[in-house]
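Please look over the sequence and the three-dimensional model that follow, and keep both in view while you read.

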Amino acid sequence: MSSARVTATVSFWKAEEGWGELVLPDGKKCFGHFSVIQQSGGYRALEAGDPVELERTAVAQDEYDYVAVWIQPL
């Protein structure tokens, strides 16, 4: 089940592996994958400190509380 869109901040992004960590306003961590970044053309990657809007699902993956199902760079 997906939740409403929220803003988050990229904690780190491993561009060479295509994934990273997003921190929600409540401090919980969310796993993000390049395949769900809404970006037209080019290599889809984020940078630490970038603000994003995302939708997430409450499926634990590794040490993450959520998995992003849609990411929009702001």
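C30 stands opposite Y66 in β5, and F31 has V67 of the same strand β5 as its bridge partner. These residues belong to strand β3 (residues 29-33) and strand β5 (residues 66-73), which pair in the parallel sense over two bridges; two strands count as paired if DSSP finds at least two bridges between them. Strands themselves are DSSP runs (E, at least two residues), numbered from the N terminus.

This is a predicted model, in which local features need pLDDT of at least 70 and side-chain atom pairs count only at pLDDT 80 or more, while totals for chains, interfaces and linings use all residues. Residues are numbered from 1 along each chain as its sequence is written, and side-chain values use heavy atoms, with hydrogens and water left out.

Strand β5 also pairs with strand β4 (residues 51-57), here in the antiparallel sense and over six bridges, and within this pairing E55 stands opposite W70.

In soluble globular proteins, nonpolar side chains tend to be buried together. The largest nonpolar core here has 14 residues, and L22, L46, V52, L54 and I71 are those with the most contacts inside it. Such a core is a set of buried Ala, Val, Leu, Ile, Met, Phe, Trp, Tyr and Cys residues joined through side-chain atoms within 4.5 Å. Strands β1 (6-14), β4 and β5 each supply at least two residues of this core. Leaving aside neighbours within four places in sequence, L54 is in contact (heavy atoms within 4.5 Å) with several residues, among them L22, C30, W70 and I71.

E55 lies in strand β4 and R5 in the segment before β1, so the pair ties together parts that are 50 residues apart in sequence. A salt bridge means a side-chain nitrogen of Lys or Arg within 4 Å of a carboxyl oxygen of Asp or Glu, and the structure holds one. E55 counts as buried at 19% relative accessibility, whereas R5 is partly exposed, with a relative accessible area of 45%; buried means under 20%, exposed over 50%, and partly exposed in between (1.4 Å probe, protein chains only).

Notes. Helices (H or I, at least four residues) and strands (E, at least two) are DSSP runs, numbered from the N terminus.
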